[in-house]
Amino acid sequence: MEHAIYLVTLVGTALVVAAAFSSLIAFRFGAPLLLLFLCIGLATGTDGLGIQFDNARLAYFAGSLALAVILFDSGFGTPLNVLRQAAGPALSLATIGVLVTTGLFGVVAYYLLDLSWLESFLLGAAVASTDAAAVFFLLRAGEINLRERVRSTLEVESGTNDPIAIFLTITLVEIIAVNANLEAGVLATDLVLGFLLNMGLGAIVGIFGGLAIVRLVDRLNLDHGLLPIFVLTLSLMVFAAAGAIGGSGFLAVYLAGLIAGNSDIRAVTILKRFQDGMSWLAQIIMFLILGLFATPSQFPAILLPAVLLGLFLIFVARPIAVWLCLMPFRLPRPEVAFISWVGLRGAVSILLAITPLLGGLENGRLIFNTAFIVVLVSLVIQGWTVGPLARRLGLIVPARLGPLDKVELELPGSAHHELLAYRVAPGSPVARGERIPRWARPSLVLRDGRSMRFQDMGRLAAGDHVYIFVPDRYPALLDKLFASRAVVDPEDVDFFGAFAVDPARSAAELEAAYTPGLTEEERKLTVGDLVTERLGGHAEYADRVLIGPIELIVRDVDDKGKITGLGLSLEPTAPVARVPVFLSAGEIGDRIVAFARNWRKRVKKQSGEALTDAEPAPQPVVEKATDEG
């Protein structure tokens, strides 16, 4: 017995260490890290090193707990401004998008596999949600600096679509398991009512659970070493409580993390670091267990239809769902195309594919194997193409800042204030003599091992460590002062234009200098307001507006979204790769209006030509009356 304990511990820790080392390979070559985790599990499983693991209940239990940890961390790290910016598109994708993907995928699965209609839709529900961990690791590993709107939409969608897919999968498993022969109308009604109850209870428990976590952390004077464990345990209690009363535990734990992360919770820096590590561990454990549970020797029998289904999901089902969901939001076509492509499937899809085995369904193993292959196809094809596609569509923008060496220190009783420790980077504004604002209070400077008051140090030099006590709404402004100069790719030298333009200047001056053809109303605006109006009321870093012979580029915006810096280019950039589909509702409306206007012009022109060719041409009544008068 004792020997078995040592052996299991040795094998388990060796797998985790191997997965951790594989991250070095992924960062070096840009490979999908979660694909490597899966492959390690497959290589050590039944058809690899021979480790036997076929306990579906244990795999589902461990995977569910790991997913709860990941979702809590995802919510905790999502700022409210990101949620507001992307709430509409992301929630549309997380609800309607999941349903559309399930329906389209289920129809094709019915004709490619030996499954009933309900089993086909069950398979569609299992693979309908995206995997945020895979997407954002690839963005970090490839040093891809995406446009904020795109990143926010993907982040919020991935955190909110799992509960819907989980509800659909579990409900369909229960219906199939009891051999319920329901009519389509009754089934749809039951699904809608069950969905509202499940999500409603999950939302209520999550909101109150998040508020309770914040209050308990603030009221209880726990040791800093115990505090992260306490918060993690409370989050799992929220997850379990919601599920126990029939709600969505996954939605509850995500909302609890969202509320806790956007409150003034104590020791937030310590909590973020701990949860980041726990999230990595949860991902590793979940993918390794799911890889161990799979049996690759069973894959060849269904390889062809499963691969075809994976390709259908990537190239047809996901793009159609994204287009329908984002049509009302007037997002540019390149952004819609990228969001449709970055729909990687991952551990959640494999985890949900275990539920048919738990429900004792006859085709449970077929559904699991198919979902596993679909995930592999998604990670291989989409995982290695995220970076090149983002560049091709023109969605990558130069980084605002270069490397920044900063440490955030937690102080007792420092509500709404932070103590930041900066290392002065070579080439940073402060190293070049830029003054630190008055609202920042530098208290200490370390230079060559000696500590001195800031007032006695004179000009800061590269390598100095500066400790600043600052209100919590200002750190982003200080980051710009202490960061080194961003290394700009030669292709991006002119990205922000050759000339700077004051956003507060009148647009009439722009018209006088460059004659871009502004209307009378537009000339009354400031240049910043003109750009914001042309962008539909919301501007973000690196947005571009083509106005006649010039192009205006947003260099910076403040916390309220107001443009504070603009660039002007007299040589507008070449258009990005054209995307033939993904028209928004606004674009479709514009094209319909333009078509109707052109059609009327053609009709009038043809009528005029007909009148000219007629012999003799009849005189208009109005014209005749005028002549007689």
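Q: Which residue takes a positive phi in the hairpin of E3 and E4?
A: Asp448 does, with phi near 55 degrees, in a hairpin that has 2 residues between the strands. Strands (E, at least two residues) and helices (H or I, at least four) are DSSP runs numbered from the N terminus. The model is predicted, so local features need pLDDT of at least 70 and side-chain atom pairs count only at pLDDT 80 or more, while totals for chains, interfaces and linings use all residues. Residues are numbered from 1 along each chain as its sequence is written, and side-chain values use heavy atoms, leaving out hydrogens and water.

Q: How many bridges pair E3 and E4?
A: Strand E3 (residues 441-447) pairs with strand E4 (residues 450-452) over 3 bridges, in the antiparallel sense. Two strands pair if DSSP finds at least two bridges between them. Leu446 has Ser451 of E4 as its bridge partner.

Q: Now the open sheet: what is the order of its strands?
A: The order of the 4 strands is E6-E9-E8-E7, with antiparallel pairing.

Q: Why is one side of E6 and of E7 left without a neighbour?
A: Strand E6 (499-501) and strand E7 (544-547) stand at the edges and each has a single partner strand, so one side of each lacks a neighbour in the sheet. From one strand to the next, the twist averages 30 degrees; angles run from 0 to 180 degrees between N-to-C directions, and axes are lines fitted to C-alpha atoms, for helices over the stretch in contact.

Q: Which helix packs on the sheet?
A: Helix H21 (residues 527-534) does, touching E6, E7, E8 and E9, where contact means heavy atoms within 4.5 Å. The direction of H21 makes about 85 degrees with that of E9.

Q: What joins E8 to E9?
A: Strand E8 (residues 550-557) and strand E9 (residues 563-569) run antiparallel and are joined by 6 bridges. Glu551 has Ser569 as its bridge partner in E9, and Val554 stands opposite Leu566.

Q: How many residues of E8 are buried?
A: In E8, 7 of its 8 residues are buried. Buried means under 20% relative accessible area, exposed over 50%, and partly exposed in between (1.4 Å probe, protein chains only).

Q: And in the hairpin of E7 and E8, which residue takes a positive phi?
A: Gly548 does, near 60 degrees, with 2 residues between the strands. E7 and E8 pair in the antiparallel sense over 4 bridges, and Arg544 has Ile553 of E8 as its bridge partner.

Q: Changing topic, where is Ile204 found?
A: Ile204 is in helix H8 (residues 184-219). Ile204 counts as partly exposed because its relative accessibility is 48%.
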